[in-house]
Amino acid sequence: MNEITKHVANDREYYSFALANAQNNLQTIYKGDTTYHIYPELLMAMFEVYDRAVECGITMKNFNLQMFLNTIFARADRQLNRYFYPEYAMYMANPKRMMLRYKIDFPVELPARG
């Protein structure tokens, strides 16, 4: 829906559908104790939809903005559970290799940007 709303501005139905979908999944995403990388991507796409709706003057009466923002911050905080801080990496067999990387469920390392 994010891509569609980029091209179909001012059509309330698309925004309403996209934000209702986000609203229906907020509790699941907020309460999830995993660090799925898909959740922040989904939340950021939905934030773009919300931002475009506001720019077009479209308001959603049943959309809980505060819960949406709380979910974004909670997921961002939870993603830090997979980050190898120097203080954590120093206990690994090869600390220099592990430091400032993200750990994921299978044996692949992704270098941190920065």
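## Briefing: helix packing in a predicted model

H2 and H3 pack at an angle of about 145 degrees, and their axes are 10 Å apart. Axes here are lines fitted to C-alpha atoms, for helices over the stretch in contact, and angles run from 0 to 180 degrees between N-to-C directions. This is a predicted model: local features need pLDDT of at least 70, side-chain atom pairs count only at pLDDT 80 or more, and totals for chains, interfaces and linings use all residues. Residues are numbered from 1 along each chain as its sequence is written, and side-chain values use heavy atoms, with hydrogens and water left out.

**Confidence and layout**

- The mean pLDDT of the protein is 80; pLDDT is the predictor's confidence in each residue, from 0 to 100.
- A value of 70 or more is reached by 87% of the residues.
- Confidence is highest in helix H4 (residues 65-79), at a mean of 91.
- Strand E2 (residues 109-111) has the lowest confidence, at a mean of 57.
- The protein has six helices and two strands. Helices (H or I, at least four residues) and strands (E, at least two) are DSSP runs, numbered from the N terminus.
- From the N terminus on, the order of elements is α-α-α-α-α-α-β-β.
- Of the 114 residues, 28% are buried. Buried means under 20% relative accessible area, exposed over 50%, and partly exposed in between (1.4 Å probe, protein chains only).
- Among contacts between residues at least 6 apart in sequence, 56% join residues at least 24 apart. Contact means heavy atoms within 4.5 Å.

- H2 passes H3 in a left-handed crossing. A crossing is left-handed if the near helix is turned anticlockwise from the far one by less than a right angle, and right-handed if clockwise.
- On the H2 side, the contact is made by Tyr-15, Ala-18, Leu-19, Ala-22, Leu-26, Thr-28 and Ile-29.
- H3 contributes Tyr-39, Leu-42, Leu-43, Met-46, Val-49, Tyr-50, Arg-52 and Ala-53.

**Nonpolar core**

- The largest nonpolar core has 17 residues. Such a core is a set of buried Ala, Val, Leu, Ile, Met, Phe, Trp, Tyr and Cys residues joined through side-chain atoms within 4.5 Å.
- The residues with the most contacts inside this core are Tyr-15, Leu-43, Met-46, Val-49, Met-60 and Phe-68.
- Helix H2 (12-31), helix H3 (38-55) and H4 each supply at least two residues of this core. The largest share, six residues, comes from H2.
- Leaving aside neighbours within four places in sequence, Tyr-15 is in contact with Thr-5, Val-8, Ala-9, Asn-10, Val-49, Arg-52, Ala-53, Cys-56, Ile-58 and Met-60.

**Aromatic rings**

- There are four aromatic pairs. Rings of Phe, Tyr and Trp (its six-membered ring) pair if their centres lie within 6.5 Å; planes under 30 degrees apart count as stacked, over 60 as edge-to-face and the rest as tilted.
- The ring centres of Phe-47 and Tyr-50 are 6.5 Å apart and the planes stand at 40 degrees, so this pair is tilted.
- Both residues lie in helix H3, three residues apart, about one turn of the helix.
- Phe-47 counts as partly exposed because its relative accessibility is 32%.
- Ring pairs link Phe-47, Tyr-50, Phe-63 and Phe-68 into a cluster.

**Loop residues**

- Gly-32 lies in the loop between H2 and H3. With a relative accessible area of 16%, Gly-32 is buried.
- Gly-32 and Arg-78 are 46 residues apart in sequence and 9.4 Å apart in space, C-alpha to C-alpha.
- Thr-34 and Arg-78 are 44 residues apart in sequence, and 7.7 Å apart from C-alpha to C-alpha.
- Beyond its neighbours within four places in sequence, Thr-34 is in contact with Tyr-39, Arg-75 and Arg-78.
- Asn-64 sits in the loop between H3 and H4. At 36% relative accessibility, Asn-64 is partly exposed.
- Setting aside neighbours within four places in sequence, Asn-64 is in contact with Gln-23 and Leu-26.
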